[in-house]
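I want its elements, its packing and its ring contacts.

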Amino acid sequence: MPTKGGFGILSDNERKQPPPSTPGGQISPRQMKMKEITTELLMCISDDESVSELLLSHEEFLLDQLNNVDAVLEPDSVLTPDMTRSQRFQRYGEVMQERIDGARAPAAKKALSALKDFVMSRE
């Protein structure tokens, strides 16, 4: 599950906030990986086959914090350790819809929708 910081480039609200960081002041590896995936997604968003291949190639990473209730969560995660798998998927869907609604660029809306649909199809 992507953390809040993973989509800072895609919504005005998040763009105004400083980038999330670990206690040491650095962006976490998970946040960096999520940013890399979203950038790749934006670059290939007009090609459905490329989008599908990209999401499938990162499926384990994208689903880890949803499927693994013992996964270590980022400090700014929208998930909490006490959530069940079902609750995590529900919260993910809600947050992603908020991000889709808040995105102004059509490509960003499409990328976030593709990501949400892919992840939610694995519930």
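**Elements**

I counted the secondary structure and got six helices and zero strands. I keep in mind that this model is predicted. Reading from the N terminus, I wrote the order down as α-α-α-α-α-α.

**Burial and contacts**

I looked up how much of the protein is buried. Of its 123 residues, 41% are buried. Next I took the contacts between residues at least 6 apart in sequence. Of these, 57% join residues at least 24 apart.

**Helix 5 and helix 6**

How do the axes of helix 5 and helix 6 cross? Helix 5 covers residues 85–102 and helix 6 covers residues 106–120. I found that their axes come within 9 Å and cross at roughly 170°. Angles over 145 degrees count as roughly antiparallel, so helix 5 is roughly antiparallel to helix 6.

I then listed who makes the contact. Helix 5 brings F89, Y92, G93, M96, Q97, R99, I100 and D101. Helix 6 brings K109, L112, S113, L115, K116, V119 and M120. I sorted the residues of this contact by class and noted eight nonpolar, three polar and four charged ones.

**Rings**

How many aromatic pairs does a search of the whole structure find? I noted zero.

I also checked for charges over rings. Which residues lie over the face of F61? R30 is one of them, at 4.2 Å from the ring centre. K33 also lies over the F61 face, at 6.0 Å from the ring centre.

Notes. Residues numbered from 1 in each chain as written. Predicted model: local features only at pLDDT ≥ 70, side-chain atom pairs only at ≥ 80, totals over all residues. Heavy atoms only, no water. Axes fitted to C-alpha atoms, helices over the stretch in contact; angles between N-to-C directions. Helix = DSSP H or I, 4+ residues; strand = E, 2+ residues; numbered from the N terminus. Parallel < 35°, antiparallel > 145°, perpendicular 65-115°, else oblique. Contact = heavy atoms within 4.5 Å. Nonpolar A, V, L, I, M, F, W, Y, C, P; charged D, E, K, R; others polar. Phe/Tyr/Trp six-rings, centres within 6.5 Å; stacked < 30°, edge-to-face > 60°. Lys NZ or Arg CZ within 6 Å of the ring centre and 35° of its normal. Buried < 20%, exposed > 50% of the residue type's maximum accessible area, 1.4 Å probe, protein only.
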